[in-house]
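Hi there,

Here is the model I promised to pass on.

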Amino acid sequence: MDTIINAFFNIDIMRQAAPLLLKGAWVTLQLCAVVIVLGISGGLTLGLLASSKNAAVRLPAFLFIDFFRAIPPLILLILIYAGLPFIGIRVPPFVAVCIAFLLNNSAYFAEIFRSGIKSVSRGQTEAARASGLSPAQTQAFVILPQAVRNVLPDLLSNVVEIVKLTSIASVVSLTELLYSANMARAVTYNSSPLVMAALMYLVVLWPLVRVISRFQRGLSISS
Amino acid sequence: MDFGNVFLNPDIIATYMPQMIRAVWVTIWISVLVVISGLALGAFLAGLRAYQKRWLAWPIVLFADLMRALPPLVLMLILFFGLPSLGVILSDWFVLYLVLTLVLAAFVEEIFWATLTSLPRGQWEAGAATGLSFNQVLVNVIFPQAVRTNIPQLVNRSLTISKMTAYGSVIGVKEIVSVAGSAQAFSGSATPLTMAAIAYLIIFFPAMLLSRYVENRFQYDH
Amino acid sequence: MSAPQPLPTLEITALEKRFGDTQVLRSIDLKVANGELVFVIGPSGSGKSTMLRCCNRLEEPTSGAIHVNGKPMLGITRRDLDRMRLQVGMVFQGFFLYPHLSVLKNVTLAQRKALKRPAAEADARALEMLDKVGLKHKASAMPGELSGGQQQRVAIARALALDPKVMLFDEPTSALDPELVGSVLKVMRDLREGGMTMIVVSHEMQFAREAADRVVFMDGGVIVEQGTPSEIFGNPRSERLRAFLSRVSGEAA
């Protein structure tokens, strides 16, 4: 028991590592804010394109979505971070992560928005158009609000996935939470900083995960 | 600067192809193992939870919450670097396999549980009224329906988690990313990274199309 | 008439059921003889469905006793309960066919798993029962492809295939479109003619008049009155029954 506490829950080491981890957590928070906004904007745009009636618009959108859903975000990130310098473009880790996440998250969010739009009955479009709304107004005021409400649990769980995913930024040496914790581990030869990072992720994500479970159950009962 | 020569240099492709093919196999077999054991464990846990015993349900919910809330990479690092100090040494691929299996199982458990609780009570009653035991109703009546309604979700979640085999590179599993990374460092060329991306496309793009097909196929069932 | 009184197929003794503070059933006594068709009527909330569901313990009685062919349904192990339930067939208002299994598989599942019948025997028995309800030709269909009336007949076949000693019908036609009710009632009539012991909770008064041996009127969780159809419908004694009957005939008109 003592060995376990010493190896994973060592308070002294956690106290030493705390400033570093808090700094890392702050970077993670900033990163989340940026990539979630980027992902939702990109995803909404792509989702609308993928819902188009025009196949010339729809098919490229689908191709983009499936392409970036098929590639693990980690290799995408490494390709951008380590690959771009080969053609003379050098980007800082934060920007590399943002680009990789924009491409990956947009694809995932697009899929969610698309299925939300599909879940709104055709009659809604027809009723809106019949009442004199333009196609854009119909989307903005009638279809999208309903679509978003229908896929709210999926949107929320994708946000959780993205927060967890930001941990891969550690691979390109961005000093976010996991990178800082792993550094502290290497310096102290003790895994407690990693456990501390895990606890920090939990504080934010556990409540969200609970909410998602509630949502899931509520939805499947009503359907 | 020649774009093609940087990202798709034929010589480098030829040099690293054999390694890359081995790495693809590693990725595939770990993924397959993870999917099989993750689905089985998740279904088993949801089944256990159906017994409505508090001392059984509580640890399962805790497990499912933790595995869904923690980044898998954090879990892997804790196991890989932390366990040796307790005298437990797990090989790199086993840590990857174990963590991804547990994470998939957590999601699968939640997916199944949501359906188990939402199936009409009459399905349980019809089974019980015909003399089927609780276990028999669970296995023959409830689970087959839960699988059916959730095939799109199960496929999507399995694919997402299979792609996380890439995290193996962080702890040295010789899968696609790790092989590509060291090949890039050795050769000083971006080509191995492109090869890695293409390898993933070859594996997962058909899987994406399959999941689209599955989604459409099962959408209006039930 | 000197022979000892035969064992009732189903015997309910001093049955009580409470949900929290509400007493749903109080001191219910009912004996159903072999081959008898007992028809249970009463306003909604009178406890008639609860009584039926207590008979195979889909609802857990608060106290009392239930015996099927002299064997207890209460105070037995889970395993014995599963075995006893084989002797009590149940037909639900909502059919509850298994949507993922074909009609034939719906009828063979419990035969295979609970009765441990070999596949061939279970199939043969299922087809025989499906024939009895007029749906042999639908054996390979999925439940979703059938009308409500057909689904209910399959549900009846599913229960019958287990050779129950008594069949419970919980408002079997209430969820059906009017034009489909007849086909289900016909199956029930055939069953009765074949000598099946049945308890039917239903609002089909016409059917009760024609087919029932005995009609039981429940209200407020007690059996208020029982007798032959002609007694109950022709000469109701209690005020509550008279009020119920006039309300029902008013609705029918």
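Below are my notes on the interfaces, the cores and the database annotations.

A word on conventions: this is a predicted model, where local features need pLDDT of at least 70, side-chain atom pairs count only at pLDDT 80 or more, and totals for chains, interfaces and linings use all residues. Residues are numbered from 1 along each chain as its sequence is written, chains are lettered from A and ligands numbered from 1 in the order in which they are written, and side-chain values use heavy atoms, with hydrogens and water left out.

**Chains A and B**

Here 51 residues of chain A are in contact with 59 residues of chain B (contact means heavy atoms within 4.5 Å). About 4,600 Å² is buried between chain A and chain B, and carbon and sulfur atoms give 69% of that area. Buried area here is the accessible area (1.4 Å probe) that two parts lose on being put together, summed over both. Of the area that chain A buries against chain B, 13% comes from A:I75, A:F86 and A:K164, more than from any other three residues.

The rule finds four salt bridges across the interface of chain A and chain B, a salt bridge being a side-chain nitrogen of Lys or Arg within 4 Å of a carboxyl oxygen of Asp or Glu. A salt bridge joins A:R210 to B:D65, at 2.6 Å from N to O. Several helices of chain A give two or more residues to the side that touches chain B, including α3 (55–70), α5 (93–119) and α10 (192–222). The most comes from α10(A), with 14 residues. Helices (H or I, at least four residues) and strands (E, at least two) are DSSP runs, numbered from the N terminus.

**Chains B and C**

This contact takes 18 residues from chain B and 21 residues from chain C. The area buried between chain B and chain C is about 1,700 Å², with 61% given by carbon and sulfur atoms. B:E125, B:A129 and B:T130 supply 29% of what chain B buries against chain C, more than any other three residues.

How many salt bridges does the rule find across the interface of chain B and chain C? There is one. C:R53 forms a salt bridge with B:E125, and their closest N and O atoms are 2.6 Å apart. On the side of chain B that touches chain C, α6 (121–129) and α7 (134–163) of chain B each supply at least two residues. The largest share of that side, eight residues, comes from α6(B).

**Nonpolar cores**

A nonpolar core is a set of buried Ala, Val, Leu, Ile, Met, Phe, Trp, Tyr and Cys residues joined through side-chain atoms within 4.5 Å, where buried means under 20% relative accessible area (1.4 Å probe, protein chains only). The largest one has 173 residues, and C:I12 and C:M51 have the most contacts inside it. Helix α5 (residues 92–118) of chain B gives the most to this core, with 15 residues. Leaving aside neighbours within four places in sequence, C:I12 is in contact with residues including C:I28, C:L30, C:M51 and C:I66.

**Annotations**

UniProt, in an unreviewed entry, puts "domain: ABC transporter" on residues 10–245 of chain C. That span is 38% helix and 25% strand. An unreviewed UniProt entry also places "transmembrane region" on chain B, with residues 20–48 and 55–81 among the stretches. Residues 20–48 of chain B are 100% helix, with end C-alpha atoms 41 Å apart, while residues 55–81 are 93% helix, with end C-alpha atoms 31 Å apart. UniProt positions are given in the numbering used here, feature names are shortened, and annotations may be inferred rather than shown by experiment.

Best wishes

Terms used. Buried < 20%, exposed > 50% of the residue type's maximum accessible area, 1.4 Å probe, protein only.
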